[in-house]
Amino acid sequence: MTATTWNSTRPWRGIMVATALPLHDDLSVDHEVYAEHVRWLIDNGCDGVVPNGSLGEYQTLTDEERARVVRTAVEAAGDGARVMPGVAAYGSAEARRWAEQAGEAGCGSVLLLPPNAYRADEQAVIAHYAEAAKAGVPVVAYNNPIDTKVDLTPRLLAQLHQDGSIVAVKEFTGDVRRAYEIAELAPELDLLIGADDVLLELAVAGAVGWIAGYPNAFPATCAELYHAAVAGDLATALPLYKSLHSLLRWDSKTEFVQSIKLSMDIVGRRGGPTRPPRFPLTGEIEAGVRDATEKAVADGHR
C-alpha cells in the first residue's frame, strides 16, 4: 500500500471529498440525497468524505443539522473512518465538542480551521488546536489565510505537529513552495492538497491526499487524475489536468459553493440551491462555470 493511498490507520489520506450539501427547494437538508451522494462518490473511486466544511455550508446549519449530517455521512459511507467532519467553530471549546461528536459517531479524523473570529496570534492558534486534540480524534489542520486571515506557516505547522495536535494539513494557499518547507520542518506531517487547481503541483511536491471539491461532479476522472499525479505518471496526469483546469479553478473562487453545485446539476446530480447569504450565480460567472462544466462533459470526463 502506497503512502498516498487511503487506509484505516491514516484515514485522512487519499481522496477525501469536501461534500456539497443537497438542499430541498425550501432550503432544508435533503439527507436522503446526501446519503446517496456519499455512496456514489465512494463507488466512483473516492476514498471518503468531508462533511460540514465550507463547501457543505456548515456556517448556515443549526447544531442539530450539523450533527445529523455527520451521522448521515457515517452511515452512508459504511465505515466511519472514511468520514472527516469539519469541526470549525469560533470558540475552542465548541471545536472540541464537535470533535468529540465526530469521535462518538465513529469518524476517523476531523478537519479544523484556526480561530477565525479575529486575527489570532500563534499562542492562540497553538492553544486552539491543543484543545480540539483533547477529543482524541486525529486533527487535520486547514490553512486558508485568504479567508481566515490567520496563516498556518510551515514553522507553525511544525510546532503544532511536534506538540501532537495535528497529523496533517490541508494546504489551500496555492503557494507550492510551502510544500517543500513543510517537508523539511516536519517530515512526518502529511501534506494534503487543499485547492483543486494546484493538485498536480502539490502531488509532485509530495502530497499524500486531496481534500477535494470537484469530485462532487466528476469523481471518476478526478480519481484517475489524483492517482496518476501522486504516482508521478505525468503522461496520464498532465493532459487530464490541462483538460480539467478551467473547471478546477472555480474551487478557489469566492463562488465555489454555487459553482460546484451548479456543475453537479449540469451533470445530472443534485447540487440544488444554497442558503443565504449565498445566492444563485448569474451573468458572466454562471456562464463561465457552465461553459467549463459542459467542456468537461464533452471531453468525456465523469
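Predicted model: local features only at pLDDT ≥ 70, side-chain atom pairs only at ≥ 80, totals over all residues.

**Starting at H11**

I looked up H11 and found Phe 256, Val 257, Gln 258, Ser 259, Ile 260, Lys 261, Leu 262, Ser 263 and Met 264 buried, where buried means under 20% relative accessible area with a 1.4 Å probe, protein chains only. Helix H11 runs over residues 256-266, and nine of its eleven residues are buried. Helices here are DSSP runs of H or I with at least four residues, strands are E runs of at least two, and both are numbered from the N terminus.

Residues are numbered from 1 along each chain as its sequence is written, and side-chain values use heavy atoms, with hydrogens and water left out.

What do the buried residues of H11 pack against? I get helix H1 (31-43), helix H10 (234-248) and helix H12 (283-298), with contact meaning heavy atoms within 4.5 Å. Just after H11, Gly 268 has a positive phi of about 95°.

**Over to H10**

Next I picked Leu 244, which lies in helix H10. Leu 244 is buried, at a relative accessible area of 1%. Leaving aside neighbours within four places in sequence, I see Leu 244 in contact with Thr 221, Leu 225, Ala 296 and His 301. I also checked Leu 244 against Glu 100: they are 144 residues apart in sequence and 38 Å apart in space, C-alpha to C-alpha.

**The core**

Which residues have the most contacts inside the largest nonpolar core? They are Tyr 129 and Tyr 214, in a core of 109 residues. A nonpolar core is a set of buried Ala, Val, Leu, Ile, Met, Phe, Trp, Tyr and Cys residues joined through side-chain atoms within 4.5 Å.

**Stepping back**

I counted twelve helices and seven strands in the chain. The radius of gyration, taken over C-alpha atoms, is 18 Å, close to the 19 Å that the globule rule (2.2 Å times the number of residues to the power 0.38) gives for 302 residues, so the chain is as compact as a globular protein of that length. The C-alpha trace spans about 50 × 45 × 35 Å along its principal axes. Of the 302 residues, 58% count as buried.

Methods
Buried < 20%, exposed > 50% of the residue type's maximum accessible area, 1.4 Å probe, protein only.
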